[in-house]
Amino acid sequence: MTLMRRQSLVKFDAPLCETIVDTPKPQGKEVLVRIERCGLCHSDLHIQDGYADLGGGRRLDTTRGMTLPFTLGHEIAGVVEEVGPDVGKELVGARKAVFPWIGCGQCRDCLNGDENLCLKQRFLGVSIDGGFASHVLVPMQNTCWITTPCPSIRPRR
């Protein structure tokens, strides 16, 4: 099995550390995206700190329900490297941006395309491992085409 490298939170209010795990295999309608870019969002920093400062000495705990090590990152773009059996092989090699809200797929909100409103949603880099890694596994419908040249997504020299 191929190994996946991640920069993971292993302790709150501490630097990220490399963790190495087996690369997941896509099932059903999942795709494995090889990450080319992952943005750093201020919410990643709040999770890393273990709290968000609400002002006036008040803090919002961001550690609840988290199991460490945990991989942050929800602003993801990359290339489809492998597909599940229910996804067309022509998708392999496609450059994609990844939508981080993963809904249950069954409720009214998900069926209307509003996964971000799903009461059972999982959120990449917040409630499930995210994109500070070499790969991420996501449902195919959570990817969208990158079709226009973008200065922030250009080959490295």
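Is F123 buried, partly exposed or exposed? F123 counts as buried, because its relative accessibility is 16% and buried means under 20% relative accessible area, exposed over 50% and partly exposed in between (1.4 Å probe, protein chains only). The model is predicted: local features need pLDDT of at least 70, side-chain atom pairs count only at pLDDT 80 or more, and totals for chains, interfaces and linings use all residues. Residues are numbered from 1 along each chain as its sequence is written, and side-chain values use heavy atoms, with hydrogens and water left out.

**Overall shape and surface**

- The protein has two helices and twelve strands, where helices (H or I, at least four residues) and strands (E, at least two) are DSSP runs numbered from the N terminus.
- Starting at the N terminus, the order of elements is β-β-β-α-β-β-β-β-β-β-α-β-β-β.
- The C-alpha trace spans about 55 × 45 × 35 Å along its principal axes.
- Of the 157 residues, 37% count as buried.
- Among contacts with a separation of 6 or more, 66% are between residues 24 or more positions apart, a contact being heavy atoms within 4.5 Å.

**Nonpolar cores**

- In soluble globular proteins, nonpolar side chains tend to be buried together.
- A nonpolar core is a set of buried Ala, Val, Leu, Ile, Met, Phe, Trp, Tyr and Cys residues joined through side-chain atoms within 4.5 Å.
- The largest such core has 15 residues, and V31, L91, L124, V136 and V138 have the most contacts inside it.
- Strands β3 (30–39), β7 (75–83) and β11 (135–139) each supply at least two residues of this core.
- A second, separate core has six residues, including L9, I47, M66 and L72.
- Not counting residues up to four places away in sequence, V31 touches several residues, among them P26, V80, L91, V136 and T143.

**Aromatic rings**

- The whole structure holds two aromatic pairs; rings of Phe, Tyr and Trp (its six-membered ring) pair if their centres lie within 6.5 Å, with planes under 30 degrees apart counted as stacked, over 60 as edge-to-face and the rest as tilted.
- F99 and W101 form a tilted pair, because their planes are at 55 degrees, with ring centres 5.2 Å apart.
- W101 and F123 form a stacked pair, because their planes are at 15 degrees, with ring centres 5.2 Å apart.
- This second pair links distant parts of the chain, since W101 is in strand β9 (residues 101–102) and F123 in strand β10 (residues 122–123), 22 residues apart.
- F99 is partly exposed at 31% relative accessibility, and W101 is partly exposed at 29%.

**Residue Q48**

- Q48 is in helix α1 (residues 42–49) and is buried, with a relative accessible area of 17%.
- Not counting residues up to four places away in sequence, Q48 touches L9, F12, D13, A14, P15, L16 and L72.
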